[in-house]
Structures are given as structure tokens and as C-alpha cells.
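Please look through the sequence and the model shown below before reading on.

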Amino acid sequence: IMYFLRNCYYKMIKKLSEIVKDKKYDLVSFGYHRRNLDGSEDIASFPTGTKSFDNSHEVTQFITHDFIDYKMAWELWAKMYRHDIIFDHNVFFEDTSKVLGEDVCFDLNYLYYCHSVYQSDITPYCYIRRMGSLTLNGTKSSALCIINMMNSIFSNLEENGIPVSLDDIALTLTAWLNREIGLMKLNNPDFADSSVVMSGIAAKADSHITVSACVYNWGLKYGLAKYMRVRKYLNRSNL
């Protein structure tokens, strides 16, 4: 069995490496199988396609319209990265006590250094859920973790001379805060988190969270909803 599994793994790596070598993509992403505790299995498959980015604004558009909606896997083990991008730009894992998802934080940072992304519909990876895992134990939702994540990502980009406008940072911040607030409300309809204080780059981007920018980015219905939820939360949290 172990020989069979190793053989499958090597074939997967070989196939994906050939894609990277032939096409010279900065990031290759694929799907996976997930085996649950009850023995059932889920398949996360994503349509094959490519994305090209000429500037940070186009990366922001991909993040706020596709990545956050899980149209590409967030998990690190469902991707292949370029060694030189990681080490040349010091793309690192953030302290897990500061951010909720170090995989997402790493991916968002890495994406801003990408010019090309390839996504395959293959599902070669098998993820087995087990008792006691961090995923099943869960982590308390916190908007502060989103702010920390934004500050970590955009501080790294600033240090490496990658220009990202405050308008784009504000859109990214709005998208992730909107999602996190939704999770907090789902877990606790009467939640209250008045300890959040905007700081760093996130604080600079706060004033750029405008209704016009949100509506322009997501349309009237979703843009207005995101703006109202995030602005209401931030106004209350910073009292």
C-alpha cells in the first residue's frame, strides 16, 4: 500500500512540475479529496484555467472576487509555489496567535508577487480529517486577526517595494472583514467585539472603505451590504 501511495504521489509531483516547467507559472493550484471522520468523502475540484496579473490592482480584483469565495483552494498543500519568489521576498508564515489562517495569509502575500496562475481540475491530494486536529477543534473568530493579517501582508509588500494603493487595501480589508463578521454572527448572533482597534496599514486604509468603492467593486446589492456590515462594525468597535 505504501509503495502504491508513494508512486501516486511521485506521479502527481511529476505532472505538476511539468506544468510549472513548461508554462513557467508562478503558482499552480489543484483540488483534493477530503475523507471525513464518518468515512464519507468530499471532493473539492476547481475548473481548469489561467490568470494573469500585470499589477497589484488586478491581484486585488482576483482576491476580492474569486479567491475569497473559494474559487481556488486556500490550503497550501493544494498548490505548488516558486522557491525564488518565497525567498527573494521573504514570504513567511505569520504567528498563528495573531492570524486565524496562516495558509490564507501566506497565499494572499504570495499572490501579489505572481504574474501568472494556473489552476487544474485534478484532485490528486487526499486530506484525512482526524480527531484532535486544529481544523476540527476550531478557532475563535476575531476581526482583530483579520486586521493583523492585513498588516502582515501589506507591510511585507511595502518593504519589498510592491505598490498597493490604499483603495485596494481597503477593498481587501472589507472583503475579509465582511466574511469574518458573518462567521462571528453565525457562531453568536449577539456577538460584540469592542476591543478591536485599527492599527498600522489597516488603519490608514480604513478611511478608504467607502460606499462608492464597494458598490463599484461588487455591484449595488453586494457592495452596499458589505459596506454597511463592515462600516457598522468598525464604527462600533472603535468607540
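**A walk through the predicted fold**

V59, F62, I63 and F67 in helix 2 meet V104, D107, L108 and L111 in helix 4, where a contact means heavy atoms within 4.5 Å. The residues of this contact between helix 2 and helix 4 divide into 7 nonpolar, no polar and 1 charged; Ala, Val, Leu, Ile, Met, Phe, Trp, Tyr, Cys and Pro count as nonpolar, Asp, Glu, Lys and Arg as charged, and the others, Gly among them, as polar. The axes of helix 2 (residues 56-67) and helix 4 (residues 102-111) come within 10 Å and cross at roughly 145 degrees, the axes being lines fitted to C-alpha atoms, for helices over the stretch in contact, with angles from 0 to 180 degrees between N-to-C directions.

The model is a predicted one, in which local features need pLDDT of at least 70 and side-chain atom pairs count only at pLDDT 80 or more, while totals for chains, interfaces and linings use all residues. Residues are numbered from 1 along each chain as its sequence is written, and side-chain values use heavy atoms, with hydrogens and water left out.

The chain has 10 helices and 7 strands, which are DSSP runs numbered from the N terminus (helices are H or I with at least four residues, strands E with at least two). Of its 239 residues, 44% are buried, and buried here means under 20% relative accessible area, exposed over 50%, and partly exposed in between (1.4 Å probe, protein chains only). Among contacts between residues at least 6 apart in sequence, 80% join residues at least 24 apart.

In soluble globular proteins, nonpolar side chains tend to be buried together. The largest nonpolar core in this model has 54 residues, of which F67, L108, M149, M150, F154 and W176 touch the most other members; such a core is a set of buried Ala, Val, Leu, Ile, Met, Phe, Trp, Tyr and Cys residues joined through side-chain atoms within 4.5 Å. Among the elements that give two or more residues to this core are helix 2, helix 4, helix 6 (143-159) and helix 7 (166-187), and the largest share, 9 residues, comes from helix 7. A second, separate core of 12 residues includes Y25, F46, Y118 and I122.

On the helix 7 side L171, T174 and A175 take part, and they meet A213, C214, N217 and W218 in helix 9. By class, this contact of helix 7 with helix 9 has 5 nonpolar, 2 polar and no charged residues.

Strand 2 (residues 32-35) and strand 7 run parallel and are joined by 4 bridges, and R34 has Y127 in strand 7 as its bridge partner.

Strand 6 (residues 116-119) has pairings of its own. Strand 1 (residues 27-29) pairs with strand 6 in the parallel sense over 3 bridges, with V28 opposite Y118, while strand 4 (residues 49-52) runs antiparallel to strand 6 and is joined to it by 4 bridges, with G49 opposite Q119. In a regular strand the side chains alternate between the two faces of the sheet. From strand 6, S116 and Y118 point one way and V117 and Q119 the other way, and all are buried.

Some loop residues also deserve a look. V196, in the loop between helix 7 and helix 8, counts as buried at 1% relative accessibility, and its C-alpha atom is separated by 7.1 Å from that of A143, 53 residues apart along the chain. Y70, in the loop between helix 2 and strand 5 (79-81), has a positive phi of about 60 degrees although it is not a glycine, and Y70 is partly exposed, with a relative accessible area of 26%.

Technical notes: Pairing = 2+ DSSP bridges.
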